[in-house]
Amino acid sequence: MERQTKLRGPDFLVIGAQRSGTTWLHGMLRRHPKLWLPAVKELHYFDKPDIRRGCSRLKDWPRIAFVGLKSFDPWLFRYFFGTRGDTWYMRLFQKAQARGLITGEVTPAYATLGEGVFARIKDMNPDVRLVFIMRDPVDRAWSAANLAAKSGYIAGPLTEEKALKRAYSPGWVSRSSYMDTIKRLESIFPASQLHYCFFDDLRDRPRELAAGILTFLGADPAKISDKHLPGAVNAAATGKPIPKEFERIMAREYLPMVQELCARFDGAPNAWRRRYEALLNSR
């Protein structure tokens, strides 16, 4: 039974580096009976303020329209045709919240938001929780370059020079500046509302990673069994080894930040640091 609820923003957001497994996380979280996420991954509300209507990317229209026609879900029509604004955004979650569900959305690009926008998110829901997933920035850069080439954003065959040009573009750099994101988050949100995790654990220990996130969100991990976990994570760079010089250049670029991460976290960042140092000492 639905109850009247005051408009508020989502109860959680998943943000992170591009190519860090957020599609897998979206699929896993949608399978939990206590959670509600829209069928549309990446609403891009806070990072694309100039979009006036709901659907932010033309390539989403055929997929979303098919789902909408199949299910006759009025949510999709509100999303498609509503005029964007804070009220429009909060109403996307209202019905699920009225049913007592924990609501959220997954938009990796929110990791690049400034303090002012994070403060606005908190104003919409003071108790909002954020999950920030990080990936080895060298691997992330190469995976993203492969995806860009596959999607036609890089003309012709992917070369080391083209990959480096993309890796140094401002948008790509901001996606891998994890410590900058962490500092902005922690200037607005208390530690109890932040959860940090790593692609390495998603790849190697998906059950444990899922359990940690679900517990943080207040959802029983036992409600998700192994059969509910999505399949393999992104494989844009499968079969395409990272060129050694690209790897070294990126390792030199990101080593200082990774060393900062090592002072905060065990596990994955330390493996990244050891790999980078070995690469740079091998010449």
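This is a predicted model: local features need pLDDT of at least 70, side-chain atom pairs count only at pLDDT 80 or more; totals for chains, interfaces and linings use all residues.

User: Why is the pair of Phe 198 and Trp 272 called edge-to-face?

Analyst: The ring centres of Phe 198 and Trp 272 are 5.7 Å apart, with the planes at 80 degrees. Rings count as a pair if their centres lie within 6.5 Å, and planes over 60 degrees apart count as edge-to-face, so this pair receives that name.

User: What makes the pair of Phe 198 and Trp 272 a tie between separate parts of the sequence?

Analyst: Phe 198 belongs to strand β5, whereas Trp 272 belongs to helix α13 (residues 268–281), so the pair ties together parts 74 residues apart in sequence.

User: How do you know that Phe 46 and Tyr 110 form an edge-to-face pair, and where in the chain do they lie?

Analyst: Among the 18 aromatic pairs of the structure, this one has ring centres 5.4 Å apart and planes at 70 degrees, so it is edge-to-face, the cut-offs being 6.5 Å for the centres and 60 degrees for the planes. Phe 46 is in the loop between β2 and α2 (60–71), while Tyr 110 is in the loop between β3 (102–106) and α5 (115–124), 64 residues away, and the pair thus links distant parts of the chain. Both Phe 46 and Tyr 110 are buried, and ring pairs join them into a cluster that includes Trp 36, Trp 75 and Trp 88.

User: What makes β2 and β5 edge strands?

Analyst: The open sheet has 5 strands in the order β2-β3-β1-β4-β5, with parallel pairing, and β2 (35–36) and β5 (194–198) each pair on one side only. Within that sheet, β1 (residues 12–16) and β4 (residues 129–134) pair over 5 bridges, where at least two are required for strands to count as paired. Ile 15 has Phe 132 as its bridge partner in β4.

User: How do you know that the charged end of Arg 135 sits over the ring of Phe 199?

Analyst: The charged end of Arg 135 is 4.2 Å from the centre of the Phe 199 ring, against a limit of within 6 Å, and the label also requires a position within 35 degrees of the ring normal. Arg 129 carries the label too, its charged end sitting over the ring of Phe 216 at 5.2 Å from the centre.

Technical notes: Residues are numbered from 1 along each chain as its sequence is written. Side-chain values use heavy atoms; hydrogens and water are left out. Helices (H or I, at least four residues) and strands (E, at least two) are DSSP runs, numbered from the N terminus. Rings of Phe, Tyr and Trp (its six-membered ring) pair if their centres lie within 6.5 Å; planes under 30 degrees apart count as stacked, over 60 as edge-to-face and the rest as tilted. Buried means under 20% relative accessible area, exposed over 50%, partly exposed in between (1.4 Å probe, protein chains only).
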